[in-house]
There are 2 protein chains.
Amino acid sequence: MSPHLLAAPLLAGQRRALARAITLVESTRPQDEASAQELLTELAPQGGRSIRIGLTGVPGVGKSTFIEALGLWLAERGHRVAVLAVDPSSVRTGGSIMGDKTRMPGLSVHPQAFIRPSPSGGTLGGVARRTREAMTLCEAAGYDVILVETVGVGQSETQVAGMTDLFVLLTLPNAGDELQGIKRGIMELCDLAVVNKADTDPKAANRAQSQLTAALSLLTSHAAEWHPRALQVSALTGKGIEGFWEAVQQFRGEVDLSARRRSQTAAWFDELLREAVWKAFAAGRAEELAAAREQVQAGQQTPVQMVRQLIP
Amino acid sequence: MSPHLLAAPLLAGQRRALARAITLVESTRPQDEASAQELLTELAPQGGRSIRIGLTGVPGVGKSTFIEALGLWLAERGHRVAVLAVDPSSVRTGGSIMGDKTRMPGLSVHPQAFIRPSPSGGTLGGVARRTREAMTLCEAAGYDVILVETVGVGQSETQVAGMTDLFVLLTLPNAGDELQGIKRGIMELCDLAVVNKADTDPKAANRAQSQLTAALSLLTSHAAEWHPRALQVSALTGKGIEGFWEAVQQFRGEVDLSARRRSQTAAWFDELLREAVWKAFAAGRAEELAAAREQVQAGQQTPVQMVRQLIP
């Protein structure tokens with residue numbers, strides 16, 4: 001199907017057109033790539049009208065329950081909510097590997113919600129590219145809240161923080177200092193920290209909230225436009241969801257999101273370009289490079305000499 | 001001076017020849033680079049006879065005192081000890097910016113020790129390359145223990161862990177869980193964790209040691225050839241230095257260091273090559289690339305389209 005024919009129903013908010021467009025951007029066939037990119041350029045002026053929220057947290061922290069609760073709360077108030085997942089290790093098996101209908105029973109069948117599992121790696125740019133492109137399509141289809149969930153391992157947090165407006169860390173009330181420590185690298189990325197399942201242990205939740213508040217204030221400079229804060233939520237009872245959304249609105253009011261997106265786009269373009277430059281160089285040279293690597297390992301030439309020989 | 005004329009006195013262990021050789025590898029003049037690389041190739045067969053130990057820890061943890069104590073202890077037992085520093089942010093100002101004579105008063109004047117401050121960035125490969133090359137030269141000059149110190153910020157830990165045989169994290173007894181947490185990303189790199197200044201608070205030191213032991217065991221797979229462990233040292237009194245060195249010897253006996261170095265060399269070669277490929281591509285295109293970046297930011301083309309246009 002021509003990309004132009006997809007654009008109109010997609011802009012009208014038709015789920016089917018959106019799903020087909022995402023399938024198109026996920027395709028690894030070169031002719032599909034050209035069509036997909038045309039479509040994305042055509043829809044670009046419609047981008048930027050949503051808030052993109054990245055979510056991370058260790059397995060068991062209740063990401064699905066949180067997304068279900070927040071998504072339904074937003075949908076009831078007229079928002080249209082898209083949920084995307086980033087899992088660099090995922091291999092698509094013809095459907096959601098995470099069982100979205102089980103994970104988010106209400107949201108997955110809600111007419112104002114759209115859920116898409118993690119795309120597979122594919123070509124240039126990998127999972128991060130497919131997710132970015134899917135976000136643009138969801139925005140064009142009128143979804144004004146985009147939730148991007150990471151599985152919380154490896155590089156996925158950095159990737160998701162680099163493609164969203166606001167990055168949220170979910171923690172448990174009784175996780176203990178050890179576990180909080182694991183997420184310290186992630187703490188530097190986050191704009192909001194949420195103690196989830198706060199109802200299960202209110203005392204521990206209070207303690208966790210103060211610890212997170214202290215840690216976040218250490219990481220924030222006084223001059224920053226936004227001071228990350230810690231909140232409590234019980235996704236199960238819905239308590240705290242409204243406060244969370246108020247914090248999101250404040251963030252939106254205080255942070256220059258268009259500047260943030262511009263610099264994210266530039267960084268993303270640079271990353272893609274470096275990857276493409278390397279691929280173009282390495283294409284068809286696998287054997288030559290393997291032989292070079294062995295010579296260097298054997299000490300016959302220094303790494304620098306070999307590099308100068310390959311790139312005079 | 002011809003590199004061949006430097007090789008003989010350097011192999012004979014003359015400090016002056018070593019210092020000149022390091023200055024040669026740090027030079028950014030193209031003709032010096034060729035000479036330096038020739039020298040390094042000539043000396044390569046003499047490499048691999050030392051143990052390379054990387055050291056990291058937050059400022060105030062006592063890295064200098066630890067290196068001074070360990071270095072003097074080793075020198076007394078006939079070892080020859082080289083100390084190098086990696087500080088990606090350092091700008092050379094004609095001498096050590098960290099004041100090695102003040103930091104390590106005994107070691108800096110010891111005939112069996114050689115201390116060299118952090119090199120400046122220079123060209124291809126930056127600080128990491130200069131440090132790697134300096135290590136090779138120190139090994140050829142007969143230094144059998146090479147201590148590489150990182151300032152403990154940014155990417156320097158990963159760099160140093162990637163160029164040493166054994167990576168050591170220094171911590172404080174009373175650092176608290178919060179501070180230990182900061183180093184969690186670093187924990188995954190470390191082979192030994194040392195609670196330094198253990199004499200200042202023995203109770204806290206015991207607690208810190210058990211916490212580190214627990215954390216390290218969580219991070220190590222059962223099948224690993226080496227299980228990272230936590231030790232206590234008091235660099236001031238010298239207590240624990242012998243135990244530290246015994247652990248290093250055990251590590252040496254259990255880990256296949258030549259395999260580790262081979263894979264480090266391959267990874268380093270790949271990194272240098274990618275950097276060189278990118279530099280060759282970007283050379284002379286600064287304006288073109290800036291214009292492309294702006295077009296992408298303005299949404300006139302998608303990042304992917306622009307990349308395909310630049311690299312068809």
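## Exercises on two interfaces of a predicted model

Between domain 1 of chain A and domain 2 of chain A, 1 residue pair is in polar contact, both residues at pLDDT 80 or more; a polar contact is a pair of N or O atoms within 3.5 Å, where within protein one must be able to donate a hydrogen and the other to accept it, and residues adjacent in sequence count only if both atoms are side-chain atoms. The model is predicted: local features need pLDDT of at least 70, side-chain atom pairs count only at pLDDT 80 or more, and totals for chains, interfaces and linings use all residues. Residues are numbered from 1 along each chain as its sequence is written, chains are lettered from A and ligands numbered from 1 in the order in which they are written, and side-chain values use heavy atoms, with hydrogens and water left out.

**Exercise 1.** Describe the contact between domain 1 and domain 2 of chain A.

*Solution.*
1. Domain 1 of chain A spans 47-255 and domain 2 spans 266-310, with bounds from an automatic or database domain assignment.
2. Domain 1 gives 6 residues to the contact and domain 2 gives 5, contact meaning heavy atoms within 4.5 Å.
3. About 460 Å² is buried between these domains, 72% of it from carbon and sulfur atoms. Buried area is the accessible area (1.4 Å probe) that two parts lose on being put together, summed over both.
4. On the side of domain 1, A:Leu124, A:Gly125 and A:Arg132 lose the most area, together 80% of what that side buries.
5. The domains share 0 salt bridges, a salt bridge being a side-chain nitrogen of Lys or Arg within 4 Å of a carboxyl oxygen of Asp or Glu.

**Exercise 2.** Describe the contact between chain A and chain B, and state which element gives the largest share of the chain A side.

*Solution.*
1. Chain A and chain B each contribute 47 residues.
2. The area buried between the chains is about 4,200 Å², and carbon and sulfur atoms give 69% of this.
3. A:Phe269, A:Trp278 and A:Gln297 supply 16% of the area that chain A buries against chain B, more than any other three residues.
4. The polar count is 12 residue pairs in polar contact (both at pLDDT 80 or more), and there are 4 salt bridges. In one of these, A:Glu33 pairs with B:Arg308, the closest N and O atoms being 2.5 Å apart.
5. Elements giving two or more residues to the chain A side include α3 (30-43), α12 (257-282) and α14 (303-310); helices (H or I, at least four residues) are DSSP runs numbered from the N terminus. The largest share, 15 residues, comes from α12(A).
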